[in-house]
Structure formats: structure tokens, C-alpha cells
Amino acid sequence: MLLRDLIDDAGALRTCWPSEPQVYRRDPAALRALLTMAEVDALIDSECIPSRNVVLLRDGAVVDPREYTDGDMPRPGSIRAHLNQGQSISLRLLHTMRPGLARLKGDAQRETGCRTHINAYLTPGNCQGLRYHYDPYVTLIVQLHGRKTWHLHPPLVERPTEEFDNFIPRRWTAEERDYLAHTPPSDVVLEPGHVFWLPRGWVHSPETTGEEPSLHLTLALKQRTRAWLVEHLAEAVVRHVRADFEGRDLVTPSDLFEGTEGLEWARRYAIGALLGIDAEASARAAREKARNT
Ligand SMILES: [Fe+2]
């Protein structure tokens, strides 16, 4: 399965990121080719998921792994016991464990240039995993089993990037907490076959609806920013100066602590190196990096 099989008009992503949440409808049986509840149950009960690939969630927060692991593997029975207590789990980086998801991840990254990963979330019936939080990148939610209601608010932080936070709920300000406590959210109910586009920054709090457990995949598309392009150029300048005999000259303590000559040299050097960059070669390298890292 490829990205274009999950969303309508995947080609339009090349010129514009949708900024509003939207739901696409697909054949539930086709989506189950990616992962089934029976496969997840087998992974859990055969005790073959390494600790690095599983996160337990309790009361909207990540459980300290020392509670359930002794090292590389979770303690036998600990994940099932956690689920039986009505708590949620996340299976991380499933594209490293399943060929079909590796194909989807690779295609999505090549198509969009976004750093991409795929996780799964399993939440027992009438339970909640994470509370209100946002992700600093777009997520594509593929509902495989059960129903889940997503309580949504438009972004409270404009243009969040990964430095703001990732996955773990941000500390809301008093004003934001008040807003979230008293403003009715808009709700989206996902059923098997639904694929949900959740743009970066949208505040969300999902919970299962009904007795059945909910299973969904999250395809995270970590969009590149203009700052990422600047970092790409800055890395080229650093590589250039490190390879340059002049750049290896020492800075004296007096110039470092009292003078500005060294910094002025560095500023002039950086500007010159930037202007000397081959734009075509640099663009090719940025494309390659976006598709593969
Ligand atoms: Fe999220």
C-alpha cells in the first residue's frame, strides 16, 4: 500500500499542505492488510516486542519503562496486564518490523520529503490514551479496529516545530488550560476504513467509543521547514571551513574573551562560503537527504 492509496489526491501535497483536518474513506478490509488486531495480539502475547518498540500510557502520560522492563525486553505478561487494566499502549516504529509498513513509510517519505515513521495505538474500550496535546507535524491516522472519538481544537501554538515538543503533552499555560476546559471541542468519530488527516499543531484528545478496543496506525509526516533548509546550508559551510587550512588556525584566549577579530573573520568567511555554494548541487543534496533521512 502506498500513500496515494490512503488519501485522495496525494499529488496535491506537492504544492500545498492541507491545513484543516479531513477524513478519507477507504475499504476497511484493504486497510487491514497493513495490520490486524490478531497480529497485534500475537505480537503482545508471544512476548517478542523489544522494549524500544513499545510505550505504555497511563492517565495520559508515558509510563516509566523501569516499571515494566528489565532491559531489552518487557517483563513477561506486563503489556497484556497493562491493557487488562484499561490502559493504552503504543507500538513504535512498526515500519522496522513489518514489510508492508516499511513499503508505505518509504513511499510516503520519497513522495513528500518528510521524515516519516509509523506507530500503532491500541486502547481498550471506553478508555483514553493521551490527553490534550498536539504534534509538531502532520499525522495520518488509519483506523483499523473499533471506534475512536477525536476531540479537536485548532492550534494554540502557531507553526510548532519539533523543538517545541514531541508526543509528550506540552505544559499548557493557565489561559490555555482554561480554554481547553471550557470550550467545547469539535469531534471526529473514526471507524474502520477511515483515514484521518490531522495537520500539525491541532490540539487533540482521542478516546475509544464503545466496548471494543480501538486499534489505529499513525503515519507521522515530519515536514521540513525553511529552518531545515538553512541548517542544510549551514552544515555545508561547517564542512567547508573544517576542511580549510585557514579554518584550522587557532583563536587566542585574548581574541576569544576580549576581541572581536576572530568572530569578524568567521562572519566574513561564512558569508563567502555561502555565496560560493553551488546552488544546483546543494539542492540535489537537500532532496536526497529529505528522501532518505
Ligand atoms: Fe497526537
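Which residue stands opposite L215 in β11? In this predicted model, the residue that stands opposite L215 is L122.

**The sheet**

Strands of a sheet pair through backbone hydrogen bonds, and the pairing is either parallel or antiparallel. Here, eight strands form an open sheet with antiparallel pairing, and their order is β1-β9-β6-β11-β5-β4-β2-β3. Because β1 (22-25) and β3 (61-62) stand at the edges, each with a single partner strand, one side of each is left without a neighbour in the sheet. Strand β5, which covers residues 115-123, and strand β11, which covers residues 214-222, pair in the antiparallel sense over nine bridges. Helix α5 (residues 99-112) packs on the sheet, where it touches both β5 and β11, and the direction of α5 makes about 135 degrees with that of β5.

**Two packed helices**

Two packed helices are described by the angle between their axes and the distance between the axes. The axes of helix α7 (residues 226-242) and helix α9 (residues 261-275) come within 10 Å and cross at roughly 110 degrees. Since angles of 65 to 115 degrees count as roughly perpendicular, this makes α7 roughly perpendicular to α9. The crossing in which α7 passes α9 is right-handed, and the residues that make the contact are listed by helix in the table below.

| Helix | Residues making the contact |
|---|---|
| α7 | L233, V237, H240 and V241 |
| α9 | Y269, A270, A273 and L274 |

Terms used. Residues are numbered from 1 along each chain as its sequence is written. This is a predicted model: local features need pLDDT of at least 70, side-chain atom pairs count only at pLDDT 80 or more; totals for chains, interfaces and linings use all residues. Axes are lines fitted to C-alpha atoms, for helices over the stretch in contact, and angles run from 0 to 180 degrees between N-to-C directions. Helices (H or I, at least four residues) and strands (E, at least two) are DSSP runs, numbered from the N terminus. Angles under 35 degrees count as roughly parallel, over 145 as roughly antiparallel, 65 to 115 as roughly perpendicular and the rest as oblique. A crossing is left-handed if the near helix is turned anticlockwise from the far one by less than a right angle, and right-handed if clockwise. Two residues are in contact if their C-beta atoms, placed from the backbone, lie within 7 Å. Two strands pair if DSSP finds at least two bridges between them.
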